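Visitor: Hi, could you walk me through this one? I'd like to hear about the surface, the helices and the charged pairs.

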Amino acid sequence: MVSADAIRTAVGIIGNVISLILFLSPVQTFVRIWKKGSVEQYSPVPYLATLFNCMAWALYGLPVVHPNSLLVVTINGSAIFIELSYIILFLIYSSDKKQRLKVLLVLLLELVFMALLAFLVIKLAHTHKKRSLIVGLVCILGNIMMYASPLSVMKLVITTKSVEYMPFFLSLFSFFNSIAWFTYALIRFDIFLTIPNGLGLLFGSAQLLLYATYYKNTKRLMAERKSRQLSLTEVVSDRDEPKKISRTNHNGRAPSQNNGA
């Protein structure tokens, strides 16, 4: 008979794979940002929230805080570097100086907070139970921030009736990620994993529901916008054509006139 620990490990490995896909899912978004040279209406909040969450869970999974949590450390340690890369790209391609300053300030606060948390927990809490409790509470906060961070984007979706700026794969794999880690937490009950991933299921479901609701309308709005842009290009081209002809006549011969026989 397969033990609960073996099942938990298998689910944890699946969770690691899904989490990695989740953390890499915004690559398509950042390729678009790179090509356009602008962050457009994309929000940095999900990436800042995810970075905070991953730093908290990486600390939680350390042997000095919560032993036997290697799978938690490996995926969140990798995610820290991935999220930092996204934030750096966001800073490079954001044309709004105030927005860049806000992102830098939040990033600095997150790094300082985590450094202080790690130092104080290891120095002042002398048992794994106490350390796990303190860092676990921060992890719950981090997870809620990560899963709730798309709420601002969801508000934009409802206002514009368009999902153009709500990355589909980020929403989809957030949903799958919550299922995997929620299951992992239930096999050997861990309240610090159960609560945030249960909420993640709710938020993920809401995002996918919004996507299904406004997907067709988004396609229609994007087609209309493209059509208007093409029409505007044609109008500008038509206006420029007489100017080109006038310049040609001015620089070359004047057109011949037919005076009759």
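Guide: Happy to; we'll take the salt bridges, then a helix, then the surface.

Visitor: What should I know about the model itself?
Guide: It is a predicted model, where local features need pLDDT of at least 70, side-chain atom pairs count only at pLDDT 80 or more, and totals for chains, interfaces and linings use all residues. Residues are numbered from 1 along each chain as its sequence is written, and side-chain values use heavy atoms, with hydrogens and water left out.

Visitor: How many salt bridges does the count come to?
Guide: Two, where a salt bridge is a side-chain nitrogen of Lys or Arg within 4 Å of a carboxyl oxygen of Asp or Glu.

Visitor: Which side chains meet in them?
Guide: Arg 32 pairs with Glu 40 at 3.1 Å, N to O. Glu 40 also pairs with Lys 36, at 3.3 Å, N to O.

Visitor: Switching to helix H1: what span should its residues have?
Guide: H1 covers residues 4-24, and its 21 residues should span 30 Å, taking 1.5 Å times one less than the number of residues. The end C-alpha atoms are 30 Å apart, which agrees. Helices here are DSSP runs (H or I, at least four residues), numbered from the N terminus.

Visitor: Which residues of H1 are buried, and what do they pack against?
Guide: The buried ones include Arg 8, Val 11, Gly 15, Ile 18, Leu 22 and Phe 23. H1's buried residues pack against helix H3 (45-60), helix H4 (70-93) and helix H8 (168-187), with contact meaning heavy atoms within 4.5 Å.

Visitor: Which residues form the nonpolar patch on the surface?
Guide: Leu 108, Val 112, Leu 116, Phe 119, Leu 120 and Leu 124 form it, with about 600 Å² of accessible area together. Patch members have over 30% relative accessible area and no salt bridge, and nonpolar side chains (Val, Leu, Ile, Met, Phe, Trp, Tyr) are joined within 5 Å. Areas come from the Shrake-Rupley method with a 1.4 Å probe.

Visitor: Where does Leu 124 lie?
Guide: Leu 124 lies in helix H5, residues 97-124, and is exposed at 64%.

Definitions and conventions: Patch = residues over 30% accessible without salt bridge, like charges linked within 9 Å, V, L, I, M, F, W, Y side chains within 5 Å. Helix = DSSP H or I, 4+ residues; strand = E, 2+ residues; numbered from the N terminus. Buried < 20%, exposed > 50% of the residue type's maximum accessible area, 1.4 Å probe, protein only.
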